[in-house]
There are 2 protein chains.
Amino acid sequence: MPRTRAGRAPLSRDRVVEAASDLADAVATGRLTMRLVADRLDVEAMALYRHVADKDDLLDALAERVVERLNERAAQLDPPAPGTPWTGVARERVLAARQVLLRHPWAARQVHERGTMGPATLRWFDDLSAVLFAGGCSADLVHHAVHALGTRAIGYNAELLDVAPPGEEEGQDMLAAMAAMSQTYPAIARMVGEISHDASTALGWCDDQEEFEFGLDLLLEGIERRRRAEAGQPAAPPGPCS
Amino acid sequence: MPRTRAGRAPLSRDRVVEAASDLADAVATGRLTMRLVADRLDVEAMALYRHVADKDDLLDALAERVVERLNERAAQLDPPAPGTPWTGVARERVLAARQVLLRHPWAARQVHERGTMGPATLRWFDDLSAVLFAGGCSADLVHHAVHALGTRAIGYNAELLDVAPPGEEEGQDMLAAMAAMSQTYPAIARMVGEISHDASTALGWCDDQEEFEFGLDLLLEGIERRRRAEAGQPAAPPGPCS
DNA sequence: ACCTGAACACCGTTCAAGT
DNA sequence: ACCTGAACACCGTTCAAGT
C-alpha cells in the first residue's frame, strides 16, 4: 500500500467519507466539522478539498453511504417463505432499514434533507417498488405507497420522479440516460411508465399534497378500523367478509 | 411606546423570536445567524443574549412559535357539521397544520428536532387527542394514533409521555405539576392515566419500536386494502359488510 | 437596566507555497 | 500530484465597559 512520507495511507474520497461517518456516529449532530474529520485522518482540513467539493458534498456522500448499508442489510435478509404476502416482505425491508438507521441517528435527517437521490437510494426504492409490483399493486399504487412508506422508512420526501428535468440537456443524452435507468431500476421505470398521466401526477412531478393526503388517509382508516375492532364490531379485519 | 435613545423600540423576547422567524422564512435553513437576527432588529448581536439564553433557546422558541400558529389556525376552523366522523375532524386539523407548516419550510424540522415539548405543542396534541377520544378511541389507541399522526403532521417524534422523569425533583412539586397538567391538557392526562400499564408501555415512556410498527402496519394494511379494491374485490371498504 | 466594543475560540474555504 | 501554512470572512459567545 502506497504511503506518504509521513507514513500514512493516502487519502481517498472513500476514506474521507468513512471517517466522517464514524465521527458523525460519535459526535452530536451538527458538531461535525471539516477540521474534525481531517484530524481523524491525521491530515490538515484543507487536504479534504482534494476529495470532496465542499462540506455539502461530504454530507451528501454520507447519506448515500448509509443507504448503501441499508441495501447490504436488505441483501442479507432470508428470502421470504413461499406464500408470504407482499406486505410481510415490505415490512421486513422497512424494519431492516430502520434497524440500520437507528445505529446512525444523524442519517435519517441527512437522507431526508438532501435534494437529490444517489444510486444507492434509487436502488433501495427500486427494490421496494419491485416488492409492491410483485404483490400485484398498480403503478399508481406503487407510487403512492413508496411515498407513504419511504418518508417513514428512510425519511425521503423530495420529488420522487424528479429525475432530471428535460431542458438544457441534449435530448439524445436524456433518452440514453433514461434507457440506462430503466435497465438499472426496472421497477421505478415501470412505475413511471405506467402511472396514470391523466391524474394530477405528470411525468417527472409528484403532487406533494396528494401524497401527503394518501398517507394520512391510510393512517386514519387504519386507526378507525382498530377502533371498530376494539368496540367489538368485527369490521372485516383482513379478508373480504370471509 | 418607550424608546431607546437611538429611536428604536426596546428589545423583548417576542421581538427577537419574531425577527428570527421572519428571517428563517426568507433565508435558507441553517443560514440563520445571531448576527443576522440582530441586524434585522438594528442591534448588536450581543444584545440578543439578554432575551434568549443562547442560539438553541432561540431555535426552540422559534419552533414553539410556529406551533402557536397551528393552534390559532385550528381555532379558526369551522366547527364540524353534526354527524361528521372523528376521522374527518382529525383530517381537517392535520391538513390545517400542514398548510401552516408549508409556509415555514424550516419549521417542521425544527419542531421535529427539539427534545422537549412547549405549551403550544402540548396544546396541539391535547386537542388532537380530544378529537380521538370523542370519536370513541381507547387511551391506548389514542396514544398510538398520536404517534402515527403526530410525526406525519408536525414532525414530532420524541418520547410523547416523557413529561418530566420523577427523580431529583420534589415529589410534592411533581404531583402538583401533574395535577396542573391534567387541568390544562385533559385529553393527554386521560390518555396517560388510562393507558394499559401491563403492555410494554409504562407511564412516562413510549416504546419507539412499537409506535413505528403501529404506524407502518397502518400504512401497509391501507395499501393492501386499496390493491384489493383495484383488483375488483370489494374487500369491505368503510363499513362492516353493510 | 440595557446595550456596545473588543476579544476569544472557533468555523468553511482560498490560494500560493512546499515536497 | 498531493498536502500544508497562512490568511480571509465569517460564526457563537464572554465580559468589561459605556450610557
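Copies here are superposed by least squares on the C-alpha atoms of residues with pLDDT of at least 70 in both. With that, chain B goes onto chain A at an RMSD of 0.0 Å, by a turn of 180 degrees and a shift of 0.0 Å along the axis. The two copies are thus related as by a two-fold rotation axis.

Some ground rules. This is a predicted model, where local features need pLDDT of at least 70, side-chain atom pairs count only at pLDDT 80 or more, and totals for chains, interfaces and linings use all residues. Residues are numbered from 1 along each chain as its sequence is written, chains are lettered from A and ligands numbered from 1 in the order written, and side-chain values use heavy atoms, with hydrogens and water left out.

How do the copies meet? Through the same surface, because 100% of the interface residues of chain B are also interface residues in chain A.

Now inside chain A. An automatic or database assignment sets the bounds: domain 1 is 1–52, domain 2 is 66–164 + 205–231, and domain 3 is 166–200. Contact (heavy atoms within 4.5 Å) takes four residues from domain 1 of chain A and four from domain 2 of chain A.

Next, area. Buried area is the accessible area (1.4 Å probe) that two parts lose on being put together, summed over both. Between domain 1 and domain 2 of chain A that is about 390 Å², with 54% from carbon and sulfur atoms. On the domain 1 side, A24(A), D25(A) and T29(A) lose the most area to domain 2, together 84% of what that side buries.

Last, salt bridges (a side-chain nitrogen of Lys or Arg within 4 Å of a carboxyl oxygen of Asp or Glu). Between domain 1 and domain 2 of chain A, the count is zero.
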